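This report describes one chain-to-chain interface. The sequence and the structure come first.

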4 protein chains.
Amino acid sequence: MNPRTPLCPPVDPARLRAVAQARVLYADTDKMGIVYHASYLRYMELGRVEFIRASGMPYTEMEKLGLALPLTDVAVQYLAPARYDDLLSIEVGLSLLTRVRVHFDYRFVVHDRRGQQEESPLAILTAQSRHACVRVAEGRPERLPAEVYEVLGNCYTPSQ
Amino acid sequence: MNPRTPLCPPVDPARLRAVAQARVLYADTDKMGIVYHASYLRYMELGRVEFIRASGMPYTEMEKLGLALPLTDVAVQYLAPARYDDLLSIEVGLSLLTRVRVHFDYRFVVHDRRGQQEESPLAILTAQSRHACVRVAEGRPERLPAEVYEVLGNCYTPSQ
Amino acid sequence: MNPRTPLCPPVDPARLRAVAQARVLYADTDKMGIVYHASYLRYMELGRVEFIRASGMPYTEMEKLGLALPLTDVAVQYLAPARYDDLLSIEVGLSLLTRVRVHFDYRFVVHDRRGQQEESPLAILTAQSRHACVRVAEGRPERLPAEVYEVLGNCYTPSQ
Amino acid sequence: MNPRTPLCPPVDPARLRAVAQARVLYADTDKMGIVYHASYLRYMELGRVEFIRASGMPYTEMEKLGLALPLTDVAVQYLAPARYDDLLSIEVGLSLLTRVRVHFDYRFVVHDRRGQQEESPLAILTAQSRHACVRVAEGRPERLPAEVYEVLGNCYTPSQ
């Protein structure tokens, strides 16, 4: 594998929709003065849960079925640093949906910064998280129930 | 209440014992270049759990009894900033133990910093956390079981 | 000090205003199934920074003056657990403002939970954080500049 | 790209050395009762910084040269859940070292759990983080200085 190939697969902008915004806090930054790299994973969860809510079935409904969608894999490509008080626009899309796999893609964008006009939106990162469906009580993988598969399917266009 | 009186009650150094050490990471810092104030609460948990383990009954044993010790109150007084790569010495003691209340006191100390010799140990913060015993399944308060009370009691000297 | 007296001074509801909302994430919870006690400090920062922004001078403006408002003290009283997917309403007020001290009070409220109608808003916690003004470059305390003092003063009613 | 191919490249066990241990706290867990996926990134930093320290040049020395090693990419494959009070053994190795790129590989292992004897060490995750060298003041990429490159090179065996 070429070491210049990013670990995160390319994200298709056509699949993404802006689902949440988040303001960068001191809590998110580190002594380099920028957002600490792990802080973004929390915001990825925020985006994912709002994407699922917008699809019509809040994640809490899945939980009532005794199911969860834990991560099996994640990859992030850091494109530019986000800074304190930036307003992050969190874009999320589905890049794969089968009865046993769900892949979410992400892009974080800063639209403008006070004072220092960004001419165009600035992409901060792209990422992908992969999830399996598990029955929580037994911790065992399980196929996505039909109603969840259908609801998420409304937000998914398979590649040609 | 006098606004100069710290929110955290005075900590009695005679009750404290050093129970854990922790190295400050980038993850703990913020853009001021020092440890973010909330990061210390995680290290307080580390100290508390090692204090309980050293008393002879690991917290996981309490969990097997169906019990937990959630916080009801916490107060922290920040005395000096800790910095990246500092090695924090975490001191913990019991300042109150009854069948329904457990109060832990904390002091964080930096013993030396590379290069810039601290002449004497530097106290970073003092804190107190207060805990109730609850039965997890029902979320109801419960008296500390005799065996837990006894084990913790070995580490506790009531004030005269 | 009576061990039943909470570490956090009473919060005056008349001083509080709702300044932000936050949705509880998995990231905020712990294995007890409720919000981890330290996660609230991050949300207190969110409330504080939105309170300051609403007063007319974003915190980033203070930073441009070379100043910061680090915590000297914090105390939290935990009244009831918040749960996953709860929408927290974050209320903030000033309980003290002098040229060298700023005290913020907080109350977190859950207005309703899906399915399980709360009859009335549920207070999750009250808290107080105390801040000094420091010149960042030297790390030295400094009096609040007149313009900051004035702007914050518009949001502050001294007790009689 | 085959969706079954993990996002994290295979980790070569021969390159790894155990550099740190960490005890799982409540702070690290979520309501599924296991370690929250983002908590591991903090422990990856702990492993990385101890790996660099063991190579003979603490990261703070690099900082004194005005340099930093921010992440450009990260990928994690989650193999099994870690649980509260697990003692994680953090293994780190270099999988690429050039004058402009540093790739760290990670494996987290649990050696035994109280009560429930693991017959053999349990791998929790593998991961890779990629770093560029930047001059902090300007935020510009820079070649690794010879002394850093040499010190890290002592811990690096290029693939044949």
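Between chain A and chain D there are 2 salt bridges, a salt bridge being a side-chain nitrogen of Lys or Arg within 4 Å of a carboxyl oxygen of Asp or Glu. One joins the side chains of K31(D) and E63(A), at 2.7 Å from N to O.

The model is predicted, and local features need pLDDT of at least 70, side-chain atom pairs pLDDT 80 or more, while totals for chains, interfaces and linings use all residues. Residues are numbered from 1 along each chain as its sequence is written, chains are lettered from A and ligands numbered from 1 in the order written, and side-chain values use heavy atoms, without hydrogens and water.

The overall values of the interface are as follows.

| Item | Value |
|---|---|
| Residues in contact, chain A | 32 residues |
| Residues in contact, chain D | 32 residues |
| Buried area, chain A and chain D | about 2800 Å² |

Contact here means heavy atoms within 4.5 Å. Buried area is the accessible area (1.4 Å probe) that two parts lose on being put together, summed over both. Carbon and sulfur atoms account for 59% of the area buried between chain A and chain D. P3(A), L7(A) and M32(A) supply 21% of what chain A buries against chain D, more than any other three residues.

Strand β3(A) is joined to β3 of chain D (residues 71-78) by 5 bridges, and the two run antiparallel. A75(A) has A75(D) as its bridge partner in β3(D). Strands are DSSP runs (E, at least two residues), numbered from the N terminus, and two strands pair if DSSP finds at least two bridges between them.

Technical notes:
Helices (H or I, at least four residues) and strands (E, at least two) are DSSP runs, numbered from the N terminus.
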